[in-house]
Amino acid sequence: MPTRTATPSPYVDLSRAEWSALRRGVPPTRAPGATPGTTPLPLTADEVEALRGLGDVIDLDEVRDVYLPLSRLLNLYVGATHGLRNALNTFLGDGPGGGGAQPGTPFVIGVAGSVAVGKSTVSRLLQALLARRPEHPHVALVTTDGFLYPNAELERRGLMRRKGFPESYDRRALTRFVADVKSGLPEVSAPVYSHLAYDIVPGERLVVRRPDILVVEGLNVLQPALPGKDGRTRLALSDHFDFSVYVDARTEDIRRWYLERFRALRATAFRDPASYFRTYTRVSEAEALAYARDTWATVNEPNLRQNIVPTRGRATLVLHKAPDHTVRRIRLRKL
Ligand SMILES: Nc1ncnc2c1ncn2[C@@H]1O[C@H](COP(=O)(O)OP(=O)(O)O)[C@@H](O)[C@H]1O
Ligand SMILES: CC(C)(COP(=O)(O)O)[C@@H](O)C(=O)NCCC(=O)O
């Protein structure tokens, strides 16, 4: 009988238990009061609570089982990437072009996924965990919404109901921003988006000053390169990533999280006189939710299906969340 060989796959699929076992080797960074025999947690319950986004569920079990192995893997990648850059510098020496990569080139991580999947909580947790390491204490976090065109420009282009689609961003400026940070410029700034105003904040900038690690979070960070007008392919944003994470869940679950969050925002942020969504506190809950359902069905879900899910296979790591927000399956790209 011929032996059947498994089809080679570029991915390795792990259960939560298998992945969680890989956290071993995380050196204790701060462990006051840790129970002997347990992996010390670098964050307290209060710190985790402060990083949690509205509607997200995250606790110390999740940090230990999911995010400690991830920060261990990332620490290994950061070290290996510096080794590669040193190799390039050794090869180029003081040759043409002034030698190789700058010493201290930031390590760049992309975090992708749907609206309301919980990317911001994942990104803030990664930022906090990675910054605990003395080798890379300065971890900057940038969300791509700052590169959305202002509402006036979206109106002009007929894109107000396409917010979050690739064409609603100034993609060239976003890629240039990350390239500038990566090239070691002392100070690089990005525009700022306000969820409250539902628009870019005029005149406000987020300044990034030579971080050790840059986390770039957004719906479309794994989109492939756009062909230029001259037919030449440009570098895509993701060509600047040293590692990427896709936060995944069933579309039905994400839809429910989006609607639950809208309901929670109606009782909180939407009450702010500056909120773009203030009208939805003055109508019935049924009317407000009808608007949210329509936005999900006509904007966010089509964007998820057409643009975001197709980029999932490009991520270095996929975190798959169960209906209760906990990560249950992990897919790591080997090649
Ligand atoms: N209309 C809104 N008003 C205030 N905050 C919002 C609004 N919509 C989203 N947010 C907040 O903005 C952040 C980013 O949301 P989103 O882009 O849906 O990504 P994710 O849920 O994957 O982090 C979340 O912390 C969310 O709670
Ligand atoms: C601002 C967003 C496009 C997300 O932007 P990102 O930071 O992922 O680039 C999204 O949260 C959003 O507001 N979408 C518009 C549709 C809606 O109101 O849900």
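A residue is called partly exposed when its relative accessible area lies between the limits for buried, under 20%, and exposed, over 50%. In this predicted model, Glu285 is therefore partly exposed, at 36% relative accessibility. Its salt-bridge partner is Arg266, with N and O 3.9 Å apart. Because Arg266 belongs to helix H7 and Glu285 to helix H9 (residues 285-308), the bridge ties together parts 19 residues apart in sequence. Arg266 counts as buried, at 15%.

## Other salt bridges

The whole structure contains 24 salt bridges. One of them joins Arg85 to Asp242, whose closest N and O atoms are 3.0 Å apart. This pair links distant parts of the chain, 157 residues apart: Arg85 is in helix H3 (residues 60-92), and Asp242 is in the loop between strand S6 (213-217) and strand S7 (243-248). Arg85 is buried, with a relative accessible area of 13%.

Within helix H7 (residues 251-266), Arg256 and Glu260 are four residues apart, so about one helical turn separates them. Their side chains form a salt bridge at 3.6 Å, N to O. Arg256 is partly exposed at 32%, as is Glu260 at 38%.

## Surface charge

A patch of positive charge on the surface comprises Arg172, Arg176, Lys229 and Arg234. Of these residues, Arg176 lies in helix H6 (residues 171-182) and is partly exposed, at 47% relative accessibility.

## A buried asparagine

Asn151 is located in helix H5 (residues 151-156). With 9% relative accessibility, Asn151 counts as buried. Leaving aside residues up to four places away in sequence, Asn151 touches Met160, Lys163, Tyr198 and Asp199.

Conventions
Residues are numbered from 1 along each chain as its sequence is written. Chains are lettered from A and ligands numbered from 1 in the order in which they are written. This is a predicted model: local features need pLDDT of at least 70, side-chain atom pairs count only at pLDDT 80 or more; totals for chains, interfaces and linings use all residues. Side-chain values use heavy atoms; hydrogens and water are left out. Patches are made of residues with over 30% relative accessible area and no salt bridge: like charges are joined within 9 Å, nonpolar side chains (Val, Leu, Ile, Met, Phe, Trp, Tyr) within 5 Å. Accessible areas come from the Shrake-Rupley method with a 1.4 Å probe; for residues, only the protein chains shown count as cover. A salt bridge is a side-chain nitrogen of Lys or Arg within 4 Å of a carboxyl oxygen of Asp or Glu. Lys and Arg count as positive and Asp and Glu as negative; His and the chain ends are not counted. The place of a charge is taken as NZ of Lys, CZ of Arg, CG of Asp or CD of Glu. Helices (H or I, at least four residues) and strands (E, at least two) are DSSP runs, numbered from the N terminus. Buried means under 20% relative accessible area, exposed over 50%, partly exposed in between (1.4 Å probe, protein chains only). Contact means heavy atoms within 4.5 Å.
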